[in-house]
Amino acid sequence: MTGEITLKEVIGRLGKAIDSLENAVGARIEHEQDYTEAEAEVQRMNADRAKLAQELDNSEARAERLEEANKEVSRRLVTAMETIRAVLDR
């Protein structure tokens with residue numbers, strides 16, 4: 001029986017093959033979990049980026065409104081100063 005494979009050897013080989021398959025499946029599941037976690041992190045980062053972009057837009061709009069208000073106040077002050085000068089010069 002030296003050339004023949006015994007049932008015990010076949011069962012041993014099958015056991016090793018099953019172990020290898022289980023290891024591969026375990027590694028695949030772990031890889032999928034890592035991928036899922038990374039994808040969730042990317043989604044959180046995109047949500048944060050969108051929120052920050054909205055806040056930046058709001059801040060820029062507010063800065064523009066403040067700049068316009070500043071110009072209007074400056075214009076009114078110049079007008080008031082000119083009016084006061086005109087009254088004092090009389």
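**Entry 1**

I noted the rule: a side-chain nitrogen of Lys or Arg must lie within 4 Å of a carboxyl oxygen of Asp or Glu. I wrote down that this is a predicted model, where local features need pLDDT of at least 70 and side-chain atom pairs count only at pLDDT 80 or more, while totals for chains, interfaces and linings use all residues. I also kept in mind that residues are numbered from 1 along each chain as its sequence is written, and that side-chain values use heavy atoms, with hydrogens and water left out.

For helices I used DSSP runs of H or I with at least four residues, and for strands runs of E with at least two, numbered from the N terminus.

Arg 44 is partly exposed, at 46% relative accessible area. Glu 41 is also partly exposed, at 35%. My cut-offs were these: buried is under 20% relative accessible area, exposed is over 50%, and partly exposed lies in between (1.4 Å probe, protein chains only).

**Entry 1: the other salt bridges**

How many salt bridges does the structure hold? I found five.

I went to Glu 32. Its partner is Arg 28, with the closest N and O atoms 3.3 Å apart. Glu 32 and Arg 28 stand four residues apart in helix α1, which means about one helical turn between them. Which of the two is exposed? Arg 28 is, with a relative accessible area of 54%. Glu 32 is partly exposed, at 33%.

Then I looked at Glu 67. Its side chain meets that of Lys 71 in a salt bridge, 3.8 Å from N to O. Here too the spacing in helix α1 is four residues, so Glu 67 and Lys 71 are about one helical turn apart. Glu 67 is partly exposed, at 44% relative accessibility. Lys 71 is partly exposed as well, at 48%.

Further along I came to a linked group. Glu 72, Arg 75 and Arg 76 are joined in a network of salt bridges.

**Entry 2: the whole chain**

I stepped back to the overall form. The chain has one helix and zero strands. Helix α1 covers residues 7-89.

What are the spans of the C-alpha trace along its principal axes? I read about 130 × 15 × 10 Å. The radius of gyration is 39 Å, whereas a compact globule of 90 residues would have one near 12 Å. That radius is taken over C-alpha atoms, and the globule rule is 2.2 Å times the number of residues to the power 0.38.

Val 10 and Leu 66 are 56 residues apart in sequence, and their C-alpha atoms are 83 Å apart in space. Gly 12 and Val 73 are 61 residues apart in sequence, and 90 Å apart from C-alpha to C-alpha.

I looked for buried residues. Of the 90 residues, 0% count as buried. The accessible surface comes to about 8600 Å², with 57% of it belonging to carbon and sulfur atoms. I noted that these areas come from the Shrake-Rupley method with a 1.4 Å probe; for residues, only the protein chains shown count as cover.

**Entry 3: charges and patches**

I listed 14 positive and 20 negative side chains, and the centres of the two sets lie 8 Å apart.

Which residues form the negative surface patch? They are Asp 57, Glu 60, Glu 64 and Glu 68. Asp 57 is partly exposed, at 44% relative accessibility. A patch takes residues with over 30% relative accessible area and no salt bridge, joining like charges within 9 Å and nonpolar side chains (Val, Leu, Ile, Met, Phe, Trp, Tyr) within 5 Å.

I found a nonpolar patch too. Ile 5, Leu 7, Val 10 and Ile 11 make up about 390 Å² of surface. Ile 5 sits in the segment before α1, and is partly exposed at 48%. Val 10 lies in helix α1, and is partly exposed at 41%.

Methods. Lys and Arg count as positive and Asp and Glu as negative; His and the chain ends are not counted. The place of a charge is taken as NZ of Lys, CZ of Arg, CG of Asp or CD of Glu.
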